[in-house]
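Student: I have a structure open and would like to know what stands behind the words used to describe it. Can we go through them one by one?

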Amino acid sequence: MSDVAEIFSDLPLPRYMVDGVHRALANLAAPGARWSGAERIEIAGIARAVKARQPRPEYTLVHDAARMAEAIATNAHSITQENVDAFGEVVGRGPEAFVEMIGVVARTVAIDTFMTGIGSAVVALPEPSSAPATGEVNPRAKKRSAFVPVDGAAGATTALSAVPCEDQAQEDLHGALYLSYREMGDFTIHKGLPRWQLEAIAARTSLINDCFY
């Protein structure tokens, strides 16, 4: 593993991309709504290991939480509504715990995939905050047609809306590594590549990685 600042200093990457990855890493170590910073780093470490087919690191999470982190990282299509409901009851933190775990795992995998894509080793996960979970959830999020409560119609852009910090962090990294939600409405945008090339790469990458929603 390498230090992110050292890696990026030798690569001609745009500043917004470098800053976005830095923010995403710091966010992983911060307390969330239902998981502490230490728990979030454990979740990230488990997801990283299982995705890379490496031995799972030591952890203090309840076993069901560790197994769910593994499932989200490698076998998301197998997760059912019953699994989500049971998970919320077992960990005793409600459906928001599942939402937050999705955010943590997804961003960890995205960062690691990005580092692999630029020919680098994965970066070390930061030291976690000692602060407890904040308890800050979105009171407008309701259970509708999705597996979890969402604010508005269920879809890719509202999937994590029950937990504001996860919703914001997801959009932030999305903008750094691809396009922000605002930029997605601009078909003339050029971010190193013209929009049509960005979309061709995104579509192919999604297909290879079994991305669906």
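Tutor: What follows is a set of questions on the terms applied to this predicted model.

Student: What does the side chain of Q81 reach?

Tutor: The side chain of Q81 comes to 3.0 Å from the backbone oxygen of F147. A polar contact requires a pair of N or O atoms within 3.5 Å, so the distance of 3.0 Å falls inside that limit. Leaving aside residues up to four places away in sequence, Q81 touches K143, A146 and F147.

Student: Why is G155 called partly exposed?

Tutor: The relative accessibility of G155 is 31%. G155 sits in the loop between α6 and α7. From C-alpha to C-alpha, G155 is 9.7 Å from S145, and the two are ten residues apart in sequence.

Student: How do you know whether R53 is buried or exposed?

Tutor: Its relative accessible area is 79%. Exposed means over 50%, so R53 is exposed. R53 lies in the loop between α3 and α4.

Student: What makes the phi of R53 worth a remark?

Tutor: R53 has a positive phi of about 60° and is not a glycine. Most residues other than glycine have a negative phi.

Student: Which word describes α5 and α6, and what makes it apply?

Tutor: Their packing angle is about 105°, with 7 Å between the axes. That value lies in the range of 65 to 115, so α5 is roughly perpendicular to α6. On the α5 side V84, F87 and V91 take part, and they meet A97, F98 and M101 in α6.

Student: How do you know that α2 and α7 are roughly antiparallel?

Tutor: The axes of α2 and α7 cross at roughly 155° and come within 8 Å. Over 145 counts as roughly antiparallel, so the term applies to α2 and α7. Their crossing is left-handed. Residues of α2 in the contact include Y16, G20 and A24, and those of α7 include C165, A169 and L173.

Student: What makes a residue part of a nonpolar core, and how many residues has the largest one?

Tutor: A member must be a buried residue of a nonpolar kind such as Ala, Val or Met, joined to others through side-chain atoms within 4.5 Å. The largest such core has 42 residues, and among those with the most contacts inside it are W35, F87 and M101. The elements giving two or more residues to this core are α2, α3, α4, α5 and α6. Its largest share, ten residues, comes from α6. M101 touches W35, I43, A65, M68, A69, I72 and F87, not counting residues up to four places away in sequence.

Key: Residues numbered from 1 in each chain as written. Predicted model: local features only at pLDDT ≥ 70, side-chain atom pairs only at ≥ 80, totals over all residues. Heavy atoms only, no water. Polar contact = N/O pair within 3.5 Å; in protein donor to acceptor, adjacent residues only side chain to side chain. Contact = heavy atoms within 4.5 Å. Buried < 20%, exposed > 50% of the residue type's maximum accessible area, 1.4 Å probe, protein only. Helix = DSSP H or I, 4+ residues; strand = E, 2+ residues; numbered from the N terminus. Axes fitted to C-alpha atoms, helices over the stretch in contact; angles between N-to-C directions. Parallel < 35°, antiparallel > 145°, perpendicular 65-115°, else oblique. Left-handed = near helix turned anticlockwise from the far one by under 90°.
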